[in-house]
Amino acid sequence: MIYADNAATTKMSETAIHTMTELMRDTWGNPSSLYTHGQIAKDALEQAREDIAAAIGAEPREILFTSGGSEADNQALRSIAALGRKQGKMHIISSAFEHHAILHTLEALKKEGFEITLLDVHEDGLVRPEEVAAAIREDTCLVTIMYANNEIGTIQPIREIGEICRCRNVIFHTDAVQAIGHLPVNVRTDHIDLLSASAHKFHGPKGVGFLYAKRGIRLTNLIEGGAQERGKRAGTENVPGIAAMAAALQEALEHMAENTEHQRRMRDKLIEGLNQIPHAALNGDAVHRLPGNVNFCFEGIEGESLLLLLDDRGIQASSGSACTSGSLDPSHVLLAIGRVHDVAHGSLRLSIGEDITEEQTEEIIRDVSEVVEYLRGFSPIWRDLKEGRKEYIL
Ligand SMILES: *Cc1c(COP(=O)(O)O)cnc(C)c1O
């Protein structure tokens, strides 16, 4: 089996599993209890906070633990919206290809009276910093642009956007779920005010994440109850999950240089191989791209069929279209970079892991090429293209 869907979730590392089971077995006290067993759990929690803060150049008190990336995104947007409302600033800037945790929260805020500007991401899948600058108004309370896109892997000019926001006195949030553990991220040098991350995207457990919020930024209480997380998120902390997240992140940082180099080489090999397929195109910029992301459109086929046939051959990948939700709409990300519906339907995302081998990339190229050719063999759209009744787009 070749697992090439690491953007959806990653396998937990042995270190993370070890840390988690050890804490579940031995450190199960409630961190809010004052006796020794509780305080040991409290120490583990605060050690994780220190380690995670250090990993992104933050201070421990700037880290809020959450149930994952979606919660961190909701918390960030809700908090700044509340602040904006108080100051009479009801305008938010984002991009058209954000994760649904951002887009759907923005839709909810729109219904509550906020005005939302969604910036274009251009054909290369990149937001232009000058367009962010041009969109900022007197009443803009927040700019939220993702660090790296989860479908096409493009890495945004975060530092430039952060600098612009800092100069213009606008709060800047980034959904860095795909970046943390895969790219070097520093909230100080990148001028980031708030950042969302999720453990299961860097070999930690599911259902755990964190929100970084720069000191002085007031967060709202998403969950009311006890005084955990300084009252911002009530509920007894997921100590084993949080400690495992910290362990996974430290491990990812230790091996980042070698992992990145290997993944980039495998990624570029895949891109080169898949580019040999006629009427195929890479989605998103080839350079400003996550080391593990390959995303292609193949004209004349359906992404879902491609996925199922690849699964039969032991390759687990994903398609841009929202097939899981039963909807036939093509991916909003592919539409945002200007792919037309027909082409966007024939997409394939391969998000490779750190341990992928040279032989596996060759197998993927061979299998994808064969399956695409096979599917085109009985595709009516492909016949129309071949016989000149329709024009090729790719
Ligand atoms: C996976 C993902 C999320 C959601 O994270 P969860 O921990 O699954 O809630 C948010 N944003 C991006 C970019 C993601 O890839």
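Two strands are taken to pair if DSSP finds at least two bridges between them. In this predicted model, strand E6 (residues 171-175) and strand E7 (residues 194-198) run parallel and are joined by three bridges. Within this pair, Thr-174 has Leu-195 of E7 as its bridge partner.

Both strands belong to an open sheet of seven strands, ordered E2-E8-E7-E6-E5-E3-E4, in which the pairing is mixed.

The loop between E8 and helix H7 (239-254) contains Thr-236. When neighbours within four places in sequence are left aside, Thr-236 is in contact with Asn-30, Pro-31 and Gln-228. Thr-236 and Ile-277 are 41 residues apart along the chain, and their C-alpha atoms are separated by 53 Å.

The domain assignment of the protein chain gives domain 1 (14-254) and domain 2 (256-386). Taken over C-alpha atoms, the centres of domain 1 and domain 2 are separated by 29 Å. To the contact between them, domain 1 contributes 29 residues and domain 2 contributes 21 residues.

A further open sheet consists of three strands in the order E9-E10-E12, with antiparallel pairing. Here strand E9 (280-282) and strand E12 (347-351) stand at the edges; each has a single partner strand, so one side of each is left without a neighbour in the sheet. The twist from one strand to the next averages 20°. Strand E10 (residues 293-298) and E12 run antiparallel and are joined by five bridges. Phe-296 has Leu-348 of E12 as its bridge partner. Helix H8 (residues 256-274) lies across E9, E10 and E12, and runs at about 10° to E10.

A search of the whole structure for cavities of 30 Å³ or more finds two. The largest cavity holds about 170 Å³ of space. Its lining comprises 18 residues, of which Asn-6, Gln-178, His-182, Gly-292 and Ile-352 lie nearest the centre of the cavity. By class, this lining of the largest cavity has four nonpolar, 12 polar and two charged residues. Both domains take part in the lining of the largest cavity, with at least three residues drawn from each of domain 1 (14-254) and domain 2 (256-386).

The second largest cavity holds about 40 Å³ of space. Gly-181, His-182, Met-256, Asn-259, Thr-260, Gln-263 and Glu-354 form its lining. By class, the lining of the second largest cavity has one nonpolar, five polar and one charged residues.

Technical notes. Residues numbered from 1 in each chain as written. Predicted model: local features only at pLDDT ≥ 70, side-chain atom pairs only at ≥ 80, totals over all residues. Heavy atoms only, no water. Helix = DSSP H or I, 4+ residues; strand = E, 2+ residues; numbered from the N terminus. 1 Å grid on protein atoms, 1.4 Å probe; cavity = no way out; pocket = protein on both sides within 12 Å on 5 of 7 lines; lining within 4 Å. Points joined across faces, edges and corners; volume = space filled by probe spheres on them. Nonpolar A, V, L, I, M, F, W, Y, C, P; charged D, E, K, R; others polar. Domains from an automatic or database assignment. Contact = heavy atoms within 4.5 Å. Axes fitted to C-alpha atoms, helices over the stretch in contact; angles between N-to-C directions.
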